[in-house]
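Hi,

Here is the structure I promised to pass on. Have a look at it first, then read my notes below.

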Amino acid sequence: MPRSFALNLLTWYNKHKRDLPWRRTKDPYHIWVSEIMLQQTTVNAVIPYYQGWIKTYPTVFDLARAPLQKVLKSWQGLGYYNRAKNLHKAAAIVASNYQGQLPQEAHLVRHLPGFGPYTTGSVLSIAYDKPLVIIDANVRRLVMRLLAVKARADTRQDKTIEHFLNKVLPSQRAGDFNQALMEIGALVCRHKEPLCSLCPLKKFCKAYALGLQEIIPTPQKKIIQDIHGVIAIIERQGKYLIQKRPSSGLLADLWEFPGGKIKPGENKTRALARELKEELNVELKRVKHLFDLKHFYTQFRVNLSVFACQLKSYPAAQTKKKWVKSSDFAQYPMPSGSAKIVDRLFNPSPSGFRMTLGARNSKKLATKSQKT
Ligand code: SF4
């Protein structure tokens with residue numbers, strides 16, 4: 001079984017693999033970048049980020065030399081900014097300790113920031129053909145079906161999955177083997193409606209033999225939490241106030257507009273006034289609702305109400321608070337919610353309209369629409 005399993009898998013992969021930019025290179029650094037990005041989002045979403053990244057930072061040395069703010073800006077929209085920070089830190093170590101060449105030894109690579117078991121296995125197997133197996137969500141679901149494991153797809157299954165994968169891993173082409181499993185998981189053994197008739201592994205698949213492929217893994221109930229927040233757009237003399245988030249925790253070191261969560265029992269204006277007092281120690285004078293928008297994360301949905309705000313007095317710029325011209329926002333890495341707001345305000349669609357805050361503060365803010 002191990003030989004014919006790998007043979008069927010690799011034959012299918014040779015014929016059906018997608019032509020992706022990171023599959024046209026053997027450069028370990030390029031493969032490493034692609035693997036980190038692919039942990040964030042879908043293949044199609046990664047392609048433009050990967051191409052832009054390799055153009056901006058073609059070598060480990062280019063990435064190591066780049067300022068962190070620029071690196072975070074390049075990453076903007078991919079989420080999980082710690083991964084970009086770790087990539088940047090690890091590039092500096094590889095540049096200074098390994099002459100820019102990612103080591104081939106797993107024990108050395110595991111010491112680099114951002115290299116857990118998955119990243120180590122994927123990068124070393126694809127770049128250097130090291131015989132390491134990897135488990136991502138697609139591989140986990142696929143193997144659970146192959147073995148007919150009736151349970152939820154979570155890390156508790158990984159010991160069984162790893163044991164199976166080590167039995168069927170071929171002595172050569174470990175990188176292709178791993179990519180083939182992920183490719184089949186993504187394209188054939190899909191989460192919903194797996195395409196068993198097209199699957200090169202169906203003769204090895206217990207779930208298929210038992211007709212259980214639609215109910216393995218056991219479905220999980222997704223609990224999506226709703227979060228409501230207010231955002232203040234504070235403009236003065238053609239510049240807008242943004243502030244830097246703390247250097248640790250969620251969305252660390254990114255820049256955003258002032259604002260925060262609405263507390264239970266608070267209305268939006270009160271929440272806005274409280275947040276501005278807490279964050280900037282300023283009093284709200286006048287406020288105008290601009291638009292609402294929604295932003296989705298894995299576990300929660302953020303509903304943001306965006307307001308143009310006039311203040312009784314305006315805070316001065318400091319290291320972590322800046323007054324920025326709209327044309328300079330491109331230099332500041334922002335969480336997706338704030339980036340969407342910048343887009344709505346300053347890059348309106350042709351059907352968009354402009355909105356004024358009031359007579360005294362006559363600078364106009366452009367918005368697309370009041371609807372989300
Ligand atoms: S036969 Fe169906 S359930 Fe089994 S591995 Fe292939 S696609 Fe998945």
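**Around the ligand**

Helix H9 gives the largest share of the shell around the ligand, three residues. Helices here are DSSP runs (H or I, at least four residues) and strands too (E, at least two), numbered from the N terminus. Keep in mind that this is a predicted model: local features need pLDDT of at least 70, side-chain atom pairs count only at pLDDT 80 or more, and totals for chains, interfaces and linings use all residues. Residues are numbered from 1 along each chain as its sequence is written.

Of the 15 residues around the ligand, Cys-189, Cys-196, Cys-199, Cys-205 and Gln-213 come nearest (near means a C-beta atom, placed from the backbone, within 6 Å). Helix H9 (137-146) and helix H12 (206-210) are the elements that give two or more residues to this shell.

Most residues other than glycine have a negative phi, and most peptide bonds are trans. Now compare these:

- Ile-216 and Pro-217 are joined by a cis peptide bond, with omega about -5°; Pro-217 sits in the loop between H12 and strand S1 (225-236).
- Gln-99 isn't a glycine, yet its phi is positive, about 50°. You'll find Gln-99 in the loop between helix H6 (81-97) and helix H7 (106-109).
- Ala-148 also isn't a glycine and has a positive phi, about 55°. Look for Ala-148 in the loop between H9 and helix H10 (158-168).

Cheers
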